[in-house]
Amino acid sequence: MLPTPTALLLDFGGVIVESGRSPQPEDAPYRHAALVQRVHRLTGGVVGEDEIRHALDEAKKTRNRMRENTEECLEISHEQLWGELIAVEWPAVARATVLVHASDLTRQWARRPDWRLRPGIADLLDFTVGQGMQVGVVSNTPCGQAHREALDEFGLTGAIAVQVYSDELGVYKPHPSMIWAAARDLGVASADCWYVGDQPHRDVVCARRAGVGAAILMPEGEPREVGENTPDAVVADGTELLALLRQAL
């Protein structure tokens, strides 16, 4: 039996929401077309749309490599993202212009049009509200504001007491400060929390380092080999998580 939690901490992507991860056809609309057009207008056309699109794609790859090759887990700021990754080779005036709008541009970049609630999440949060159980969101993201807006649009904000995002805290999972910050803001010990994530190498490791009561894995898609980062339980979706929570209470 898992320990009875006082609070429930959830990852955002892969737990609260899921998104289509299959490769887009070459003729499909570019996911960030509106952002590309906006940056093109902001820079007065100095940087072409193809160049902006390429810069965004390369910046994402570089950011992912940076996150895999560091032990410090220091999140880059919105200004670093645009000034040092995306617009680093653009004319100085264009780079300065996007830096002024870096936070809002990052918010737009972080939004995904295909986010949808994972099955059972709405019922899970209805249950926690009814039980008076506090829920927090702990998520890596280029821009937490994008997640806050999505949760508001899904009508879930009222069910969530605390939201902790890597760009706002300055570190990303698996750094335990992500979970510690959420537990502190909820006024509970991390040992009294369950943490639910979809990535063994980030979420389970983060949960272990933070000393949570239980590390729950909710893999998006087919279950993956977890190796040494073994969770305390694996659930397919919010419905199974709710059943597991009912058993523990």
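Contact means heavy atoms within 4.5 Å. Axes are lines fitted to C-alpha atoms, for helices over the stretch in contact, and angles run from 0 to 180 degrees between N-to-C directions. Helices (H or I, at least four residues) and strands (E, at least two) are DSSP runs, numbered from the N terminus.

This is a predicted model: local features need pLDDT of at least 70, side-chain atom pairs count only at pLDDT 80 or more, and totals for chains, interfaces and linings use all residues. Residues are numbered from 1 along each chain as its sequence is written, and side-chain values use heavy atoms, with hydrogens and water left out.

**Exercise 1. Strand 6 and its cover**

Is strand 6 (residues 193–197) mostly covered or uncovered?

Solution. 
- Step 1. Buried means under 20% relative accessible area, exposed over 50%, partly exposed in between (1.4 Å probe, protein chains only).
- Step 2. Strand 6 is mostly covered, with 5 of its 5 residues buried.
- Step 3. C193, Y195 and G197 point one way, W194 and V196 the other way, and all are buried.

**Exercise 2. Two helix pairs**

Describe how helix 6 packs with helix 11, and how helix 3 packs with helix 4.

Solution. 
- Step 1. Two packed helices are described by the angle between their axes and the distance between the axes.
- Step 2. Angles under 35 degrees count as roughly parallel, over 145 as roughly antiparallel, 65 to 115 as roughly perpendicular and the rest as oblique.
- Step 3. Helix 6 (residues 121–131) and helix 11 (residues 238–248) have axes that come within 7 Å and cross at roughly 30°. The two are therefore roughly parallel.
- Step 4. I121, D123, L124, F127 and T128 of helix 6 meet G238, L241, L242, L245 and R246 of helix 11. This contact holds 6 nonpolar, 2 polar and 2 charged residues. For the classes, Ala, Val, Leu, Ile, Met, Phe, Trp, Tyr, Cys and Pro count as nonpolar, Asp, Glu, Lys and Arg as charged, and the others, Gly among them, as polar.
- Step 5. Helix 3 and helix 4 pack at about 165°, with axes 9 Å apart. That makes helix 3 roughly antiparallel to helix 4.
- Step 6. E79, W82 and G83 of helix 3 meet R95, V98 and L99 of helix 4. By class, that contact has 3 nonpolar, 1 polar and 2 charged residues.

**Exercise 3. V204 and P231**

Locate V204 and P231, and list the contacts of V204.

Solution. 
- Step 1. V204 sits in helix 10 (residues 200–210). V204 is buried, at 2% relative accessible area.
- Step 2. Beyond neighbours within four places in sequence, V204 contacts Q199, A215, L217, N229, T230 and P231.
- Step 3. P231 lies in the loop between strand 7 and strand 8. P231 counts as buried at 12% relative accessibility.

**Exercise 4. Backbone checks**

What is the peptide bond from K173 to P174, cis or trans?

Solution. 
- Step 1. Most residues other than glycine have a negative phi, and most peptide bonds are trans.
- Step 2. The bond from K173 to P174 is cis, with omega near 20°. P174 lies in the loop between helix 8 and helix 9.
- Step 3. Phi of C73 is positive, near 60°. C73 lies in the loop between helix 2 and helix 3, and counts as buried at 4% relative accessibility.
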